[in-house]
Amino acid sequence: MKRKSKNSQNKNKDFFEKVYEITKMIPPGRVTTYGAIAKLIGSPSSSRLVGLALKYSLRLKEYIPAHRVVNRNGLLTGKHSFGDPNIMQQLLENEGIKVENNKVVNFKELFWDPYLHL
DNA sequence: AAGCTGACTATGG
DNA sequence: GCCATAGCCAGCT
């Protein structure tokens, strides 16, 4: 059956969904990076979309531990998207992650590699 | 409907 | 060693 072209809006929503799925995998007290997620999905250069997806994930009814995702420097670049800049840091500290100067302390050690989960 | 934006990252000057 | 630029791609306005 050929489908009408009106369904041409079949866009790759998988990207966002995968981002959500991977983000949910992140264990408490751990953090990962946009690049790692993007690479895991298959588009290492699409790290922006990861952040974008996480931003929109905040609107979702489902809870996504978006605060566990930081940039490759361990910097809380997305803290401002939580409504108030302190929320993200509070969430991280609540899980035992130390944040100093908007940066995750011992980021390298706390980094959770999604590949290890596969 | 078309263009802008963005929670990035790597590279070059 | 810091600032500027380019690539990336889809959802949002």
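Author: Let us start with Lys-24, which has a relative accessible area of 41% and is therefore partly exposed, because that class lies between the limit for buried, under 20%, and the limit for exposed, over 50%. Please keep in mind that this is a predicted model.

Reader: What makes the contact of Glu-62 and Lys-24 a salt bridge?

Author: The side chains of Glu-62 and Lys-24 meet at 3.3 Å, N to O, and the rule asks for a side-chain nitrogen of Lys or Arg within 4 Å of a carboxyl oxygen of Asp or Glu, so the pair qualifies as a salt bridge. Glu-62 sits in the loop between H3 and strand S2 (69-70), whereas Lys-24 belongs to helix H1 (residues 14-25), and the pair, 38 residues apart, links distant parts of the chain. Glu-62 has 46% relative accessibility and therefore counts as partly exposed.

Reader: How many salt bridges does this rule give?

Author: The count comes to two salt bridges. One of them joins Arg-68 to Glu-95, with the closest N and O atoms 2.6 Å apart. Arg-68 lies in the loop between H3 and S2, and Glu-95 in the loop between helix H4 (85-94) and strand S3 (99-100), so this pair ties together parts that are 27 residues apart in sequence.

Reader: Why is Arg-68 called buried, and what is Glu-95 called at 24%?

Author: The relative accessible area of Arg-68 is 9%, which means that Arg-68 is buried, since the limit for that class is under 20%. Glu-95, with a relative accessible area of 24%, is partly exposed.

Reader: Why is H2 called roughly perpendicular to H3?

Author: The axes of helix H2 (residues 34-41) and helix H3 (residues 47-57) come within 8 Å and cross at roughly 105°. Angles from 65 to 115 degrees count as roughly perpendicular, and therefore H2 is roughly perpendicular to H3. Tyr-34, Gly-35, Ile-37 and Ala-38 of H2 make the contact with Ser-47, Val-50, Gly-51 and Leu-54 of H3; by class, these residues are five nonpolar, three polar and no charged.

How values were computed
Residues numbered from 1 in each chain as written. Chains lettered and ligands numbered in written order. Predicted model: local features only at pLDDT ≥ 70, side-chain atom pairs only at ≥ 80, totals over all residues. Heavy atoms only, no water. Axes fitted to C-alpha atoms, helices over the stretch in contact; angles between N-to-C directions. Helix = DSSP H or I, 4+ residues; strand = E, 2+ residues; numbered from the N terminus. Parallel < 35°, antiparallel > 145°, perpendicular 65-115°, else oblique. Contact = heavy atoms within 4.5 Å. Nonpolar A, V, L, I, M, F, W, Y, C, P; charged D, E, K, R; others polar. Buried < 20%, exposed > 50% of the residue type's maximum accessible area, 1.4 Å probe, protein only.
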